[in-house]
Amino acid sequence: MFVGTEDSKLLSLRSLIAEGAFTPPVLIFCQSILRAKELSTELLFDGINADCIHAERTPEERDEVVRKFAEGSVWRSEERRVGKECPR
């Protein structure tokens with residue numbers, strides 16, 4: 001799924017989830033750390049087990065999210081900086 005703006009991402013996700021168009025785990029890219037945090041919080045409020053990976057988390061925290069994602073127990077939203085390489 002591609003959306004033109006970050007604002008429309010949550011609405012599009014909610015529509016696809018309601019339609020049963022896909023099921024977890026799902027990888028979602030965001031334009032910033034702040035947006036990744038906001039989106040994962042919004043999904044949690046919707047009852048979706050979400051988490052995020054971004055440069056402000058420790059390597060151990062990121063590894064834990066990756067482990068849970070691989071198990072299928074969380075959705076994952078990940079920060080991406082437009083025009084810059086993501087720190088690992």
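This is a predicted model: local features need pLDDT of at least 70, side-chain atom pairs count only at pLDDT 80 or more; totals for chains, interfaces and linings use all residues.
The largest nonpolar core comprises 12 residues, namely Leu10, Leu13, Val26, Ile28, Cys30, Ala36, Leu39, Leu43, Ile48, Ala50, Cys52 and Trp75. Two or more residues of this core come from each of helix 1 (6-19), strand 1 (27-30), helix 2 (33-45) and strand 2 (50-53), and helix 2 gives the most, with three residues. Among the core residues, Leu39 touches Lys9, Leu10, Leu13, Ile28 and Cys30, when residues up to four places away in sequence are not counted.

In helix 2, the buried residues are Ile33, Arg35, Ala36, Leu39, Ser40 and Leu43. These residues lie on the same side of helix 2, because they cover an arc of only 165° around the axis. On the other side of helix 2, by contrast, Leu34 and Phe45 are exposed. With 13 residues at 1.5 Å a residue, helix 2 should span 18 Å, and the 19 Å between its end C-alpha atoms agrees with this expectation. Helix 2 is followed by glycine 47, which has a positive phi, near 85°.

Two of the core residues, Cys30 and Cys52, are cysteines, yet the count of disulfides comes to zero. For cysteine 30, the nearest cysteine sulfur is that of cysteine 52, at 8.2 Å, and cysteine 30 is in no disulfide. Cysteine 52 likewise has its closest cysteine sulfur in cysteine 30, and the distance of 8.2 Å is too far for a bond, since a disulfide requires sulfur atoms within 2.5 Å. Both cysteines count as buried, cysteine 30 because its relative accessibility is 1% and cysteine 52 because its relative accessibility is 5%.

Conventions:
Residues are numbered from 1 along each chain as its sequence is written. Side-chain values use heavy atoms; hydrogens and water are left out. A nonpolar core is a set of buried Ala, Val, Leu, Ile, Met, Phe, Trp, Tyr and Cys residues joined through side-chain atoms within 4.5 Å. Buried means under 20% relative accessible area, exposed over 50%, partly exposed in between (1.4 Å probe, protein chains only). Helices (H or I, at least four residues) and strands (E, at least two) are DSSP runs, numbered from the N terminus. Contact means heavy atoms within 4.5 Å. The expected span of a helix is 1.5 Å times one less than its number of residues. The arc is that of the directions from the helix axis to the C-beta atoms.
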